[in-house]
Amino acid sequence: MSLWRKSPLLILTIFAFFIIYLPIMIIMLFSVNGSEKDYSFDSFSLKWYVEMFEDPQLFEAIRNTLMIATISTLIATIIGTLTAIGIHSLSKKNRTNMMILNNIPVINPDIVTGISLMLVFSLLPISFGMPTMLLAHIFFSIPFVVLTVLPKLKELDPNLYDAALDLGCSRFGAIYRVIIPSIKTGMLAGALIAFTMSIDDFVISYFTSGQGFQNVSIWIYSRIGRKSFSKGVYAYNTLVVFVTVVLLLISSRKNKKTIVRKEEK
Amino acid sequence: MRRLRIVALPYLVWMLVLVLLPSLLILLLSISDLDIYNLGAFSFVADGFEELSKPLVIEAMKNSLRLSALATMICLLIGYPVAYYLASLKTKKKTMLITLFILPVWSNMLLRIIAWETLFFPNSILNMFGVSLNLIGTDLAILIGMTSMYLPFMTLPIYSVLEKMDTSLIEASKDLGASNMQSFLKVTLPLSLSGVVSGVIMTLLPSMTAFALPERLSGGKTLLIGNIIEDYFMKTSNINGGAMISIALMLVIIVLFITVVHFDKEGETLL
């Protein structure tokens with residue numbers, strides 16, 4: 001492409017980055033703002049980073065969020081991987097049908113998923129709170145794990161599994177020793193998506209948590225514009241963004257390594 | 001590997017219970033007086049249909065359709081060129097760039113909405129630069145917010161399709177005498193259509209059903225269909241009325257979903 005065609009595209013791309021990053025930058029700015037007000041910035045201060053641990057309700061919401069995200073990611077990654085292996089071994093027609101079913105929660109707006117789960121859970125003999133929110137997070141995470149693992153399975157030589165069985169592996173032994181190592185990067189990507197989706201989810205959590213059990217998003221929604229809205233949450237969000245960036249850098253480096261290894265072979 | 005088929009079975013059951021069952025439940029609730037929290041005898045009633053003719057609900061539906069259509073159009077006009085540009089970069093850094101483009105989606109959406117909200121008040125941090133906006137309550141505020149939130153959903157599927165595209169096709173079209181414009185219109189654009197369809201739907205649906213975003217950026221003035229549903233289910237506990245409005249929404253979603261499936265059977269453009 002010649003430069004005169006390229007520069008409008010470049011400018012538009014910079015503008016697009018600007019419009020999606022502006023709110024993140026504003027939150028970062030607020031997180032180090034010494035002022036109590038959101039409309040003035042008078043001094044640099046790290047007090048909100050301390051406040052985040054000192055506001056008991058915010059701290060509890062942060063703890064709940066991380067707990068739900070950790071447990072749901074672990075469970076969703078395991079179930080999602082096994083499910084992907086199952087779906088992969090289906091006939092083409094059944095596989096397509098399962099993938100259509102799998103993609104319903106991905107495409108469905110959160111509000112529809114939220115009320116659907118709320119209605120099903122109200123039929124079950126469990127009370128709304130931590131268990132229902134956890135189930136909901138597992139539910140919306142699995143499809144993403146399936147979507148990241150399946151392409152890795154397609155690259156895998158199907159004879160490897162049969163060879164492992166011939167050589168005396170049990171079914172799950174063969175999955176564990178042959179299939180899992182080859183799809184690790186897909187599982188890792190799926191887990192990363194599941195974790196970040198879980199930490200930031202608002203709508204589905206809101207409909208499935210009932211009263212009393214709050215994650216960070218519900219904490220925010222119930223306090224917007226009120227005095228009890230602690231700016232410690234800006235500090236929390238800024239930390240989450242930094243951790244996500246670091247994790248991404250690490251995982252992209254890992255990816256590079258596996259590519260190099262393939263090339264060496 | 002055929003023997004592993006059995007592993008997919010529990011998931012089928014799980015999905016039927018958590019996807020199909022609630023859909024049927026919503027349908028039943030919308031046309032009956034069933035009390036979901038106190039199951040018992042119920043009869044079929046047509047009260048639900050009155051919900052759909054309430055002026056407030058009609059207004060919210062119109063707002064949802066208008067604002068989500070505009071937001072999707074803006075996202076497409078920005079997102080397609082951006083995806084095209086990022087996919088055309090020769091550098092190895094392009095994977096990193098598209099990841100960075102998606103990254104804000106993984107940060108709390110409510111806080112990002114609040115950040116825009118503070119900027120849209122006349123008295124804001126922008127005063128430091130001598131700028132004062134007064135946008136709260138305008139459609140523009142909602143559209144800027146939606147573009148900022150959903151642009152990555154439009155860009156990523158288009159990028160994935162363009163990135164995988166065989167560039168020799170474009171060279172071939174040029175060898176055969178097509179101009180840059182012609183080869184874009186006749187080769188690149190048709191081949192990227194599945195990405196565009198996914199992107200449009202991944203943008204249209206969340207913007208149509210948003211409720212926290214319009215609530216904050218319109219100062220509570222502009223109601224979208226999501227606000228009505230939230231109100232019915234969470235505030236006034238009018239579950240049956242809410243179910244009827246959800247059914248109307250789900251009909252739209254089903255049409256859109258069938259469109260995606262038609263273009264992309266295994267959901268390869270969804271990630």
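Helix α6 of chain B is largely enclosed by the rest of the structure, because 21 of its 26 residues are buried (a residue is buried if 20 or more other C-beta atoms, placed from the backbone, lie within 10 Å of its own). Helices here are DSSP runs of H or I of at least four residues, and strands are runs of E of at least two, numbered from the N terminus. The model is predicted, so that local features require pLDDT of at least 70 and side-chain atom pairs count only at pLDDT 80 or more, whereas totals for chains, interfaces and linings use all residues. Residues are numbered from 1 along each chain as its sequence is written, while chains are lettered from A and ligands numbered from 1 in the order in which they are written.

The same helix, α6(B), covers residues 139–164. Its end C-alpha atoms are 37 Å apart, which agrees with the 38 Å that its 26 residues should span at 1.5 Å a residue; the expected span is 1.5 Å times one less than the number of residues. A bend of about 50° occurs in α6(B) at B:Y150, and the proline B:P152 follows within four residues. The bend is the angle between axes fitted to the seven residues ending at a position and the seven starting there.

Chain B as a whole contains twelve helices and zero strands. Of its 271 residues, 47% are buried, and its C-alpha atoms fill a box of roughly 70 × 70 × 30 Å along the principal axes. Of the contacts in chain B with a separation of 6 or more, 72% are made by residues 24 or more positions apart, two residues being in contact if their C-beta atoms, placed from the backbone, lie within 7 Å.

Chain A comprises eleven helices and zero strands. Its C-alpha trace spans about 70 × 65 × 30 Å along the principal axes, and 45% of its 265 residues are buried. Among contacts in chain A between residues at least 6 apart in sequence, 77% join residues at least 24 apart.

The contact between the chains draws 65 residues from chain A and 75 residues from chain B. Helices that each supply at least two residues of the chain A side include α1 (3–31), α3 (56–88), α8 (171–200) and α11 (232–264). The most is given by α1(A), with 14 residues. This side of chain A divides into 48 nonpolar, 15 polar and two charged residues (Ala, Val, Leu, Ile, Met, Phe, Trp, Tyr, Cys and Pro count as nonpolar, Asp, Glu, Lys and Arg as charged, and the others, Gly among them, as polar).

Note on methods:
A residue is buried if 20 or more other C-beta atoms lie within 10 Å of its own, exposed if 12 or fewer, and partly exposed in between; C-beta atoms are placed from the backbone.
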